[in-house]
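Student: I'd like to learn how to read a pair of packed helices. Could you walk me through one?

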Amino acid sequence: MLRSREREIMGGSCGVKEKLAEELTILRRRVGELERLDTEHKLVLSQQEAQLESLRKSESKYRLMTECMTDIVWTLDTDLKTTYVSPSITKILGFTQEERLGQDLSEVLTPKSHRRIMNTYAQEMAKERVGTEDPGRSVLMEAEYYHRDGHTVWLENLVCAIRDSNGKLVGIHGVSRDITKRKRAEDVLCKEYSFRNAVIDNVAEGICVWHETEDYPFIKLTIWNGPMTEITGYTMEEINRLGWYQTLYPEPELQAKAIKRLKKIRQGKELHAEEWDITHADGSKCVLSASFSFFDKSHDGLVHVMAIVRNVTDVKQPLTTLHERRALYRLLAENATDVIWTADMNLQFTYVTPSVQKLLGFTAEEVMVMPMSQLYTEASFEKAMQAFAEEMELEGSENADATRTRIVEVEMVRKDGKSVPVEKNVSFLRDPAGHPAGILSIVRDISERKLVEGALKESEERYRNIFENALLGIFQSTPTGVYLRGNLAFAKMFGYSSQEEMISYVTDIENQLYANPQDRRAIKEALESHGIAEDVVVEMRHRQGYPFWISLSARAVRNGRGDILYYSGTALDITERKCAEEKLRLIAEEKEWLLKSMTNAFAIFQSVFDEDDRFVSCRFEYINDSYERITGVTLEEAHGKTIYEVWPETESSWIENFGEVAVTGNPRTFDSFHGPTGKYYHSHVYRPWDAAERFCVIFEDITDHRKITDALIQSHEQMRALAGSLRDIREEERKRIARVIHDEMGQALTGIKMDLTWVQHQLADHTKTDWQEIFAHFESMKDLADVTIREMRRIIAELRPSVLDDLGVAAAIDWLGEDFRNKTGVKCRVDIPEEEINMDPEMAVTIFRIAQEALTNIVRHARATSVDVALRVGDGNLVLEVIDNGLGFSAENPPKTGSFGLLGMRERALAIGGVVDIKSSPGRGTKVRLSVSFDTQTVNGGHT
């Protein structure tokens, strides 16, 4: 029985030690959490320093990259003032960075480029206000800039917006590249294009270009110069409308022959110097000599045919008698510039005209005895023999045309060994039965034509590219209102995807494209009267229906008789310019109204100088209504007076700032206090005139702003003081907890240890065991353990009462009121909801701490005898009120001893979206009210 009792006592002692150890472990964990929070704060400060250093390195790297670029990098503020420009400005435009920063945008651009850029800027700002455009968009613009030495330089500018973290436009960023050489090359190409048109329109021979179409009239002409109209009697518009075959070949037989010949062209065969019998527009018969070639088969997928035509009717006119014909043939043969020769079927010459000597250097007699192969280059002779073999093969077919001719281009060898290109028109001489008996060949020197064709082809390609790719709209139209031709820029100007689509769709220019048809009639009258119309501004209608403006220049192109063939002109879309002009007009009309309705004060001063031309003062010349309202001085009172006469106590700093602007012309912005009016002003002083006699000042009353700024600075200082106070409170709390643990719990634990040591010695010596005394020591240890547990629970409750986690904020505030009554003896009434309030743990802790801080302030400062604490939930709000009947204080001038407590409560409330309202007056106590949005279905009740 004795040993069993001993084991029971020892077991009870071990249970107390384990429970005490557990409580100490919880306490150490709480202290560890406080130390961890302090460590995390230090870590955050360290990370912020590292981020700042990273930003410094990044700024240095990007600045080095920007200042080493060959292009110009620049930034502007929203007032289009240069805020940065890279050093490459000196190499491209000759200005230094400092010189450019002091220049206005109108000083660095030519007037035309300045207007265009300002118009673009206005459009982009309009988009910015609407906010529907991509905020990351960029704009590519070309502009002409002044170089420092006076000449101009073209730059291509890629411009984008600079935005802050909220996406608001705060500046403009751009990169500029020198494109002067490219612009000059474009000017040269335009001049060459004009020269090409002049060449085509003024050659003696007819030139036309066409391609086949699937629709009537199946052949569409795209080029038809003046000589072609003279040769045929038809304009290109008439041929395209009535048809090639139907106009020039009205007889069925000739029409079928023409269709057969053009079939060869569709098969890719080139025809040279072929004779065509046509019917002139006046009904007479004509014989044409035409050469056909192909070009430009790839850019639009069509086969384009070019014809060079001569009227040879007079040469082919039949003579009335055979004798006359023979005499004429002999005369023609002997005097022809072309070489005519005949040969038998063995290719032996039987006749050669004397003109061969001019062509090849051989006499006719020398050629007659020479083998034919000796007169050709090796490749050309093979080509001629191949053509002869094909003709002989064709001769055996049933469909062979006995009157056919064949044109072959070959190279012949001159007597001096040089080669010369020639065009041979070859046909068979036939016997009475129609069988080939010989060969007739007409040889023409085409050296000059080859050079011209090569030059024309090269020029055609070059100018066609210019025509099709020009940014300026180019067109040709008939007087009747049909477009003959237009480039892609002209078509897109009206909303069409190609020139062909526009030409096919627009059949009545006057009514389809002109917003006011009478404008086209006026232009037509000017062209008919003067032959030219320059820079005519007209309103046009887009394909989609909306109007736009163009600047149109045109000239009338006439034939030899003076008849107008077509109009040729250019068009430039000036809608943006018209909009800009309209805006400028509105600005001019509203300038006076804007000046009077400015919300900021505006004044114009006349500078006053002494005998040594030093600025000493300024006189009032003009002030607006806002100036009178802000300062209280009217124009009648101030006009003609100096600033010292109006305000004798004006600070000298104002005169110094005014004088610097008046003398140097450099604008100046400053903030300063004006003693006579007792206000702070933000002032911008500038001199819009070249002379120093006058300058302007814009004032803005920033007195309220300064008060807000001062309040903000004071708030920041309070926050820093609060943070310091919180650190001090945390340290004091740690010291207090350490003292309590050392003084109360430490002593109790030491007593328990001493009792345990005594019991251990008693139990070790069985001869001296006094169980009665041992039990007494165990009772002492139990009392000491109870004291330790109570102290530990009290410390934990002060740090964070367990009732807050277990029962919620209402029960915790109820406990807080009871603890307040027990510690202070002050009557404290607590009114809380009967039902539990479910909320976020962070909100619950914040509400509890605000109530705790309010009661702490009452203990420290109020000397109250009664306190009421109420917690209510309803109408979407949670309200906590703590009311005392203590000393109170002035709400406008709170005591410094309690200011950190009040500030701390407000900051805690802001963290959960709440508001703390503190009402107090001396001798009438204090009311602290916390209100925070809270959505709950809990029914509020109350108890005391």
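Tutor: Let's look at one helix pair in this predicted model.

Student: What describes two packed helices?

Tutor: Two things: the angle between their axes and the distance between those axes. Here, helix H29 (residues 809-824) packs with helix H30 (residues 841-862) at about 15 degrees, and their axes are 10 Å apart. Angles under 35 degrees count as roughly parallel, so H29 is roughly parallel to H30.

Student: In which hand does H29 pass H30?

Tutor: The crossing of H29 and H30 is right-handed.

Student: Which residues of H29 and H30 meet?

Tutor: On the H29 side they include Trp815, Leu816 and Phe820, and on the H30 side they include Phe848, Gln852 and Leu855. By class, this contact has 13 nonpolar residues, two polar and no charged ones.

Student: What caps the N-terminal end of H30?

Tutor: Asp840 does, with a side-chain oxygen 3.0 Å from the backbone nitrogen of Glu842. Just after H30, Arg863 has a positive phi of about 55 degrees.

Notes. Residues numbered from 1 in each chain as written. Predicted model: local features only at pLDDT ≥ 70, side-chain atom pairs only at ≥ 80, totals over all residues. Heavy atoms only, no water. Axes fitted to C-alpha atoms, helices over the stretch in contact; angles between N-to-C directions. Helix = DSSP H or I, 4+ residues; strand = E, 2+ residues; numbered from the N terminus. Parallel < 35°, antiparallel > 145°, perpendicular 65-115°, else oblique. Left-handed = near helix turned anticlockwise from the far one by under 90°. Contact = heavy atoms within 4.5 Å. Nonpolar A, V, L, I, M, F, W, Y, C, P; charged D, E, K, R; others polar. Polar contact = N/O pair within 3.5 Å; in protein donor to acceptor, adjacent residues only side chain to side chain.
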